[in-house]
Amino acid sequence: SSDYVGPWREKAEKEAGVNFAFFQGASGNVVTSGSLKGDRNNTPYDAYGRAIADVTLSALEGMQKVSAGELKAVREEVSYTTKTGGTSSFFMSAYAIGDLALVTVPCEWHDVFGMQVKEESPFTMTFISGYTNGSEGYFPMLDSYAEGGYEARSSNFKAGVAELIIQSGLELLEELK
């Protein structure tokens, strides 16, 4: 669940005195324990958010601002096949400053998906962000369709689209490099 973001941002911004941007990474098949039923102000997600804020604040200690260079950006329209045989498209983007890159898509990435993009990226540090400029739902990996489960059942995409997205993301990164 992304419900921990509010408590994270509130604590981190208050204690650091700066604004933060949150990028949802690869977690489409990762669920934290706990339940969102009941009092939404008294859930495990509040504790998760505050714990992540503590790590964020700790990481900021001793950091120095550096000049990283020019921001580069590319955007591509990706067409895909739906489960019903139709076609649709969305935009994905990539950004780079120096040797740091960010790939964005309007979907919920799976962890394996994100790890593959990071491992094959030509950049030293690569981040991924889902739900960027919309939400197309889940992009399950090919083997997830055979396993079944919520993500594969609820996805609007034909099996194999996640692999197409990985390839498109890597091509965008190569274009930036």
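Where is the place of E61? In this predicted model, local features need pLDDT of at least 70 and side-chain atom pairs count only at pLDDT 80 or more, while totals for chains, interfaces and linings use all residues. Residues are numbered from 1 along each chain as its sequence is written, and side-chain values use heavy atoms, leaving out hydrogens and water.

E61 sits in the loop between α2 (44-60) and β1; helices (H or I, at least four residues) and strands (E, at least two) are DSSP runs, numbered from the N terminus. With 63% relative accessibility, E61 counts as exposed. Here, exposed means over 50% relative accessible area, buried under 20%, and partly exposed in between (1.4 Å probe, protein chains only). Although E61 and A16 are 45 residues apart along the chain, their C-alpha atoms are separated by 9.9 Å.

The largest nonpolar core has 27 residues, and F139 and I165 have the most contacts inside it. Such a core is a set of buried Ala, Val, Leu, Ile, Met, Phe, Trp, Tyr and Cys residues joined through side-chain atoms within 4.5 Å. Two or more residues each are given to this core by β1 (71-81), β2 (87-97), β3 (100-104), α3 (111-120) and α6 (161-176). Of these elements, α6 supplies the largest share, 8 residues. Leaving aside residues up to four places away in sequence, F139 touches F90, C107, E108, H110, F113, F157, V161, A162 and I165, where contact means heavy atoms within 4.5 Å. A second, separate core holds 6 residues, among them Y4, A12, Y45 and A53.

Aromatic rings come next. The structure holds 6 aromatic pairs, counted when ring centres of Phe, Tyr and Trp (its six-membered ring) lie within 6.5 Å; planes under 30 degrees apart are stacked, over 60 edge-to-face and the rest tilted. For Y80 and F90, the centres are 5.7 Å apart and the planes stand at 40°, so this pair is tilted. Y80 belongs to strand β1 and F90 to strand β2, so the pair links distant parts of the chain, 10 residues apart. Both partners are buried, Y80 with a relative accessible area of 7% and F90 with 4%. Together with F139 and F157, Y80 and F90 form one aromatic cluster.

Charged side chains also meet. A search of the whole structure finds 3 salt bridges, each a side-chain nitrogen of Lys or Arg within 4 Å of a carboxyl oxygen of Asp or Glu. R9 and E13 form one of them (3.4 Å, N to O); being 4 residues apart in helix α1 (residues 5-16), they are separated by about one helical turn. R9 is partly exposed at 38% relative accessibility, whereas E13 is buried at 18%. Another salt bridge joins D54 and K11 (2.5 Å, N to O), linking helix α2 with helix α1 across 43 residues of sequence. D99 and K177 also meet in a salt bridge (2.6 Å, N to O). D99 lies in the loop between β2 and β3 and K177 in the segment after α6, so this pair ties together parts that are 78 residues apart in sequence.

One backbone detail remains. Y131 has a positive phi of about 55° although it is not a glycine. Y131 is found in the loop between β4 and α4 (142-147) and is partly exposed, at 36% relative accessibility.
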